[in-house]
Amino acid sequence: MGLMYMPTRGIGTVSNLASSVGTYSSRGTNVAAPVSTNTKGSWVELISAANVTGPVIGFTVQIANNLGAGSARRCLHDIGIGGAGSEVVIVSNLGTTGPNNPATQPAARELFFPIRIPQGTRIACRSQSNNASQTSNVVITLFYGNWLDYQTYSGAEVIGADTSTTSMLAHTAGNSSAYSSWTNIGSSTTRPYYGGALYVMNDTLTTLTALNYVAQFGYNSNPEGETWFAATTNESQGSFLNSTFTPGKIPTGTQLQIRAKCSATGESLQYGVICLY
């Protein structure tokens with residue numbers, strides 16, 4: 001039976017949390033995007049190979065953009081495994097948006113990925129941003145366990161992420177609890193996936209209205225998964241949703257779609273679908 005949520009038991013964990021209790025910008029490991037915008041930067045080690053002392057059945061990730069004045073500071077992050085210079089991406093293009101006002105810094109969402117990693121494997125992260133040299137703070141926690149006891153996967157990617165602009169699909173929900181039209185997200189899939197989860201973040205630095213939303217993803221104008229979420233009046237909200245995956249096979253060659261509805265007048269948000277493979 002597939003594990004689509006955080007495990008309740010295992011044989012231990014390890015994380016890169018700092019030894020001193022810090023703020024959102026010093027909790028874990030700082031990962032800087034390069035000076036060149038919309039380009040992936042260098043890999044930064046999160047957990048060394050020596051500290052991964054058991055087989056990993058999944059992990060959580062928390063990402064917060066560090067503050068800075070100016071326009072919307074969007075980032076896309078990759079999680080990779082392997083030695084320095086030979087990293088392999090296992091989670092691609094996790095998006096965050098950072099505000100320029102400390103009072104409105106959103107709490108970082110914790111995303112769980114049921115992805116297996118062998119014992120003794122180095123974990124790293126790299127990022128890109130629409131803002132030169134933007135820094136994010138990344139926290140990762142690994143869960144150990146027996147692979148035979150859990151359904152695990154090889155990796156995940158965010159469908160709808162656009163690396164050329166460091167963004168996801170901008171979409172405006174329908175008003176007054178009426179769904180928007182189904183909208184294509186990303187290109188037709190090039191491999192099968194085995195579960196999906198909606199991922200939503202603010203589109204700009206604009207202060208949001210406190211409203212409630214329901215969003216769906218699917219294909220052929222049929223929903224495969226849906227979720228409720230609430231926008232707050234934060235200047236910028238990094239992401240709204242935890243990655244609770246809806247199980248089910250998404251065949252190769254599928255054109256994924258999204259739609260959403262709002263309790264009042266919907267605002268433009270950025271949407272992605274995290275898919276497991």
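This report describes the fold, aromatic pairs, nonpolar cores and selected residues of a predicted model.

## Basis of the values

The model is predicted, with local features requiring pLDDT of at least 70 and side-chain atom pairs counted only at pLDDT 80 or more, while totals for chains, interfaces and linings use all residues. Residues are numbered from 1 along each chain as its sequence is written, and side-chain values use heavy atoms, with hydrogens and water left out.

## Overall architecture

The chain contains 18 strands and zero helices; these elements are DSSP runs numbered from the N terminus, with helices (H or I) of at least four residues and strands (E) of at least two. Of its 277 residues, 53% count as buried, where buried means under 20% relative accessible area, exposed means over 50%, and partly exposed lies in between (1.4 Å probe, protein chains only).

Among contacts (heavy atoms within 4.5 Å) with a separation of 6 or more, 84% join residues 24 or more positions apart. The accessible surface of the chain is about 11,200 Å², and carbon and sulfur atoms supply 49% of this area.

## Aromatic pairs and charges over rings

The whole structure holds six aromatic pairs. Rings of Phe, Tyr and Trp (its six-membered ring) pair if their centres lie within 6.5 Å; planes under 30 degrees apart are stacked, over 60 edge-to-face, and the rest tilted. One of the pairs is F113 with F245, which is tilted, at 6.2 Å centre to centre and 55° between the planes. F113 belongs to strand β7 (residues 110-113) and F245 to the loop between β15 (222-230) and β16 (246-250), so this pair ties together parts 132 residues apart in sequence. F113 is buried at 0% relative accessibility, and F245 is buried at 4%. Ring pairs also join F59 to F113 and F245 in a cluster.

Why is the pair of Y193 and Y277 edge-to-face? The ring centres of Y193 and Y277 are 6.5 Å apart and their planes stand at 65°, so the pair falls in that class. Y193 lies in strand β13 (residues 193-202) and Y277 in the segment after β18 (268-276), 84 residues away. Both residues are buried.

R191 lies over the face of Y277, 3.5 Å from the ring centre, and R259 lies over the face of Y179 at 4.0 Å. The criterion places NZ of Lys or CZ of Arg within 6 Å of the ring centre and within 35 degrees of the ring normal.

## Nonpolar cores

A nonpolar core is a set of buried Ala, Val, Leu, Ile, Met, Phe, Trp, Tyr and Cys residues joined through side-chain atoms within 4.5 Å. In the largest core, of 34 residues, F59, F113 and I123 touch the most other members. Leaving aside residues up to four places away in sequence, F113 touches G58, F59, V61, V91, L94, A156, F245 and I274. A second, separate core has 24 residues, including Y193, L198, L211 and L269.

β10 pairs with β18 in the antiparallel sense over four bridges, the pairing criterion being at least two DSSP bridges. A156 stands opposite L276 of β18.

K249, in strand β16, is exposed, with a relative accessible area of 52%. Its C-alpha atom is separated by 4.4 Å from that of Y194, 55 residues apart along the chain. Beyond residues up to four places away in sequence, K249 touches P192, Y193, Y194 and Y219.

Definitions and conventions. Accessible areas come from the Shrake-Rupley method with a 1.4 Å probe; for residues, only the protein chains shown count as cover.
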